[in-house]
Amino acid sequence: QVQLVESGGGLVQDGGSLRLSCAASGRTFSTYSMAMAWFRQAPGKEREFVAAISWSSGSAYYADSVKVRFTISRDSAKNTVYLQMNGLKPEDTALYYCAGKRGTFLASTSMQYDSWGQGTQVTVSS
């Protein structure tokens, strides 16, 4: 339905910063009300919610573990969602996925999203 492509991952030192991007294509966001989110999954662990944003209003919701360090935003003109990550810690190391769903509800479970990107790796060294 909606195609999502993440980018911006990489290797960063403890305390460093990265900005992830999620470019959306396909069904237009001007036609449908959408919510976008970032999830992450470390090896051997369950996929966990990071942050979500309403496309229309920009209202955001964060997991407690990243609330003071990460910022989610969107650029409607570019059909892109961003995740600014500051104060990165080794425990943030994971494959980060962009996800999308119809509706503006800021869901925090992966089952509620029906569009997914391929993931971008974030590795934080100690």
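The paragraphs below walk through the strands, the core and the aromatic rings of a predicted model.

Strand 1 and strand 3 run antiparallel and are joined by 6 bridges. To find this pairing in the structure, look for Gln3, which stands opposite Ser25 in strand 3.

The loop between strand 7 (70–75) and strand 8 (80–85) contains Asn79. Most residues other than glycine have a negative phi. Asn79 is not a glycine, yet its phi is positive, at about 50°. With a relative accessible area of 30%, Asn79 is partly exposed.

Now turn to strand 4, which covers residues 34–41. Of its 8 residues, 7 are buried, so the strand is largely enclosed by the rest of the structure. Strand 4 has antiparallel pairings with two strands that can be followed one at a time. With strand 9 (residues 94–102) it pairs over 8 bridges, and here Ala37 stands opposite Ala99. With strand 5 (residues 48–54) strand 4 pairs over 6 bridges, and Arg40 stands opposite Glu48. Strand 4 and strand 5 form a hairpin with 6 residues between the strands. In this hairpin, Gly44 takes a positive phi near 75°.

The next topic is the nonpolar core. The largest one has 38 residues, and those with the most contacts inside it are Trp38, Leu83, Met85 and Tyr96. Several strands each supply at least two residues of this core, among them strand 1 (2–7), strand 3 (18–26) and strand 11 (120–125). Strand 4 gives the most, with 6 residues. What does Leu83 touch, leaving aside its neighbours within four places in sequence? Its contacts include Trp38, Tyr96, Leu18, Leu20, Val50, Phe70 and Ile72. Leu83 is also in contact with Arg19, Ala51 and Thr71.

The last part concerns the aromatic rings. A pair of aromatic rings is described by the distance of the centres and the angle of the planes. The structure holds 6 aromatic pairs. Are the two partners buried or partly exposed? Tyr97 has a relative accessible area of 12% and is buried, because the limit for buried is under 20%. Trp116, at 26% relative accessibility, counts as partly exposed.

Trp116 also forms an edge-to-face pair with Tyr113, at 6.5 Å centre to centre and 70° between the planes. Tyr113 counts as buried, at 5% relative accessibility. Ring pairs link Tyr97, Tyr113 and Trp116 with Phe39, Phe49 and Tyr61 into a cluster. Arg47 brings a charge to two of these rings. Its charged end sits over the ring of Tyr97, 3.9 Å from the centre. Arg47 also lies over the face of Trp116, at 4.7 Å from the ring centre.

Notes. Residues are numbered from 1 along each chain as its sequence is written. This is a predicted model: local features need pLDDT of at least 70, side-chain atom pairs count only at pLDDT 80 or more; totals for chains, interfaces and linings use all residues. Side-chain values use heavy atoms; hydrogens and water are left out. Buried means under 20% relative accessible area, exposed over 50%, partly exposed in between (1.4 Å probe, protein chains only). Helices (H or I, at least four residues) and strands (E, at least two) are DSSP runs, numbered from the N terminus. Two strands pair if DSSP finds at least two bridges between them. A nonpolar core is a set of buried Ala, Val, Leu, Ile, Met, Phe, Trp, Tyr and Cys residues joined through side-chain atoms within 4.5 Å. Contact means heavy atoms within 4.5 Å. Rings of Phe, Tyr and Trp (its six-membered ring) pair if their centres lie within 6.5 Å; planes under 30 degrees apart count as stacked, over 60 as edge-to-face and the rest as tilted. A charge sits over a ring if NZ of Lys or CZ of Arg is within 6 Å of the ring centre and within 35 degrees of the ring normal.
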